[in-house]
Amino acid sequence: MIASLTLLLAPVFPSPLFSSFSRITYLHSPPPTGLLRVTSRKLALATKARAISTMASDEEIKCTVKQLLAQLFEQSLRTTVPDEPDVEPLVAACTGKFGDYQCNNAMGLWSKIKGKGTQFRGPPSVGQAIMGNLPPSEMIESSSVAGPGFVNVVLSKDWMAKKIQKMLIDGIDTWAPRISVKRAVVDFSSPNIAKEMHVGHLRSTIIGDALARMLEFSKVEVLRRNHVGDWGTQFGMLIEFLFEKFPNSEDVNEAAIGDLQKFYKASKERFDADSAFKEKAQQAVVRLQGGEHKYRQAWAKICEISRMEFDKVYQRLGVLLEEKGESFYNPYIPGVIEALSNQGLVEESEGARVIFIKGINIPLIVVKSDGGYNYASTDLTALWYRLNEEKAEWIIYVTDVGQQQHFDMVFKAAKRAGWLPDDGNTYPKTNHVGFGLVLGEDGKRFRTRSSEVVRLVDLLDEAKSRSKDALIERGKDKEWTEEELEHTAEAVGYGAVKYADLKNNRLTNYTFNFDQMLNDKGNTAVYLLYAHARICSIIRKSGKDIEELKKTETIALDHADERALGLHLLQFAEVVEEACNNLLPNVLCEYLYNLSEYFTKFYSNCQVVGSAEETSRLLICEATATVMRKCFHLLGIVPVYKI
């Protein structure tokens, strides 16, 4: 079949066809979620090769605190239950007062070994043995067993201080988590040509960009894909209307067309009301798809004008995307559909060609009854291309929750074809990242008073304008240059819109309210940006060279609030890992807000400038600001350094 398939697709595909329709072989273990499950045998072998108590600092850099503890507990478990070799350490951060982290294996182990003549007499005794078999390590200050065998660990404050100091010297990137994926595609934003970007595109763009940034920080090569709607029957309508308005194609430009949304509406009204125009528009689609130069040129011009509108939004948001729209995959569709047909997956149904999906009543239509292609045709082909041509191991689609069933059907069809493993937890894999609605104050979809879709450029400009007004009210226009005022207004205004979205679980709806998102109190970007600026101000007012202090001074975490802040700083990497694995940016937002709260408590109870511990506490301030800046970066927010 592969040989014949290669011949079939040779005119269409620029490179040979590969193992494209047999099961993909480059599978990897899934990344951990929830409680850490250490599954890498390589990691275990590395641990065996040297005593954990003398682990080199360069190896520590590659691991989160949770992973380092998991290595210790893995060795303990091998000693405690040598006849249960596949037990994985379950390590989680503590929420109680008994420790910083805990190992939760005792109860599960007891259920496996009881009745096998074991020496243990219940989960608590298993927990005691796990604790007793922990190898010596400078990272652990003390350990204890609570309840039904939970092994609680208190980290050494000296070890914590060294880890934070090393990050300050070597850079925050040394705290990046490592995810078991080399290359991922994040498909986000994806507006339609000739239509305005609306708040749904805002959510997709903001969430997708944050996920891409977190994966990139985690050393994943991310292909940022903008799957724009730039192909289909509506272009016949637009092109014919364009020809009527501008008989001379040289006259077509952004200024001449004006508002592209109005142009689209006018062409749609003409299409619906005039049968002769409708027939011409339908013929224009055929000519466009047939490659006729005049029609391709008009199509390209419409796309170009749309892109300029899209770019106004992307520039304001600081978002980078590579466009590979529907038209890119169009030449590949016939070969992909034919290959699926050769596998017996495509069937005739009421004149259309479909793929039936088990458990779903409606079929996935891949060729319409008129012989045309649709979203399913394009999305299946794009998935094939991303797996085979771009060699992506993880493909993430960021769209509203209303498209969940569509992508579920596409993914299940791909599994039937053998493109994806049946087990959704192994790689390569796909995820649909759904999100809820943006609501207005009336609890309905967010629109203007005239019930029009809100233009994103106008919305973002309004956020900046309100932010600037607030700064002027505080007299900053008299203290700062106009450039500083503009930069801060943009950072705060755009950041407020982003954070108000990202701090919510993406699946929930949220109400868009400028007053709330631009409030400088509570869980808002304004509060967090100002908190960062205050930390920078403390360091500046000390008069000390912070770069010199990093090299010559040391951190101490002797006060309880210093230690609590230090522990939260050290948990940064595992929070990013959790946010990546579960595709939830709000997890990072919650961490960032809590970080500001820990710092506030530290600063309230621990004098910095002028204290005996000044240099250490300045370094703690710098570490906090460094982690905050990285959080801002991962959320696509620009930090401010003075207020």
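Colleague: Let's start with strand 6, helix 8 and strand 7: what handedness does their β-α-β unit have?
Modeller: Keep in mind that this is a predicted model. Strand 6 and strand 7 (residues 221–226) run parallel, joined by five bridges. Helix 8 (residues 199–217) belongs to the unit together with these two strands, and the unit is right-handed.

Colleague: Okay, and which residue of strand 12 stands opposite Ala-184?
Modeller: Let's look at both neighbours of strand 6. In strand 7, Ala-184 has Val-222 opposite it. Strand 12 (residues 394–398) also runs parallel to strand 6, with four bridges between them. There, the residue opposite Ala-184 is Trp-394.

Colleague: Is strand 6 largely enclosed or left open by the rest of the structure, and why?
Modeller: A residue counts as buried when its relative accessible area is under 20%. Strand 6 covers residues 183–187, and four of its five residues are buried. So the rest of the structure leaves strand 6 largely enclosed.

Colleague: Zooming out a bit, which strands are at the edges of the open sheet?
Modeller: The sheet has five strands in the order 8-7-6-12-13, with parallel pairing. An edge strand here pairs on one side only. That describes strand 8 (322–323) and strand 13 (429–433).

Colleague: What about the helices on this sheet: what angle does the direction of helix 17 make with that of strand 13?
Modeller: Helix 16 (residues 375–388) lies across strands 6, 7, 12 and 13, and runs at about 145 degrees to strand 12. Helix 17 (residues 404–416) packs on the sheet too, where it touches strand 12 and strand 13. With the direction of strand 13, helix 17 makes an angle of about 175 degrees.

Colleague: How are helix 9 and helix 13 arranged, roughly parallel or roughly perpendicular to each other?
Modeller: Two packed helices are described by the angle between their axes and the distance between the axes. For helix 9 (residues 234–245) and helix 13 (residues 293–317), the axes are 10 Å apart and the angle is about 95 degrees. Residues that meet here include Phe-235 and Leu-238 from helix 9, and Tyr-295 and Trp-299 from helix 13. Angles of 65 to 115 degrees count as roughly perpendicular, so helix 9 and helix 13 are roughly perpendicular.

Colleague: Is Ser-190 buried or partly exposed?
Modeller: You'll find Ser-190 in the loop between strand 6 and helix 8. Its phi is near 50 degrees, a positive value in a residue other than glycine. The relative accessible area of Ser-190 is 21%, and buried would need a value under 20%. So Ser-190 is partly exposed.

Colleague: And is Glu-350 buried or exposed?
Modeller: Glu-350 sits in the loop between strand 9 (347–349) and strand 10 (352–355). Phi of Glu-350 is positive as well, near 55 degrees. Exposed means over 50% relative accessible area, and Glu-350 has 79%, so it counts as exposed.

Colleague: Last one, for the whole protein: what share of the residues is buried?
Modeller: The protein has 27 helices and 15 strands. Its accessible surface comes to about 28,400 Å², and carbon and sulfur atoms hold 50% of that. Of the 643 residues, the buried share is 54%.

Terms used: Residues are numbered from 1 along each chain as its sequence is written. This is a predicted model: local features need pLDDT of at least 70, side-chain atom pairs count only at pLDDT 80 or more; totals for chains, interfaces and linings use all residues. Side-chain values use heavy atoms; hydrogens and water are left out. Buried means under 20% relative accessible area, exposed over 50%, partly exposed in between (1.4 Å probe, protein chains only). Accessible areas come from the Shrake-Rupley method with a 1.4 Å probe; for residues, only the protein chains shown count as cover. Two strands pair if DSSP finds at least two bridges between them. A crossover is right-handed if, with the strands pointing away from the viewer, the path from the first strand over the helix to the second runs clockwise. Axes are lines fitted to C-alpha atoms, for helices over the stretch in contact, and angles run from 0 to 180 degrees between N-to-C directions. Angles under 35 degrees count as roughly parallel, over 145 as roughly antiparallel, 65 to 115 as roughly perpendicular and the rest as oblique. Contact means heavy atoms within 4.5 Å.
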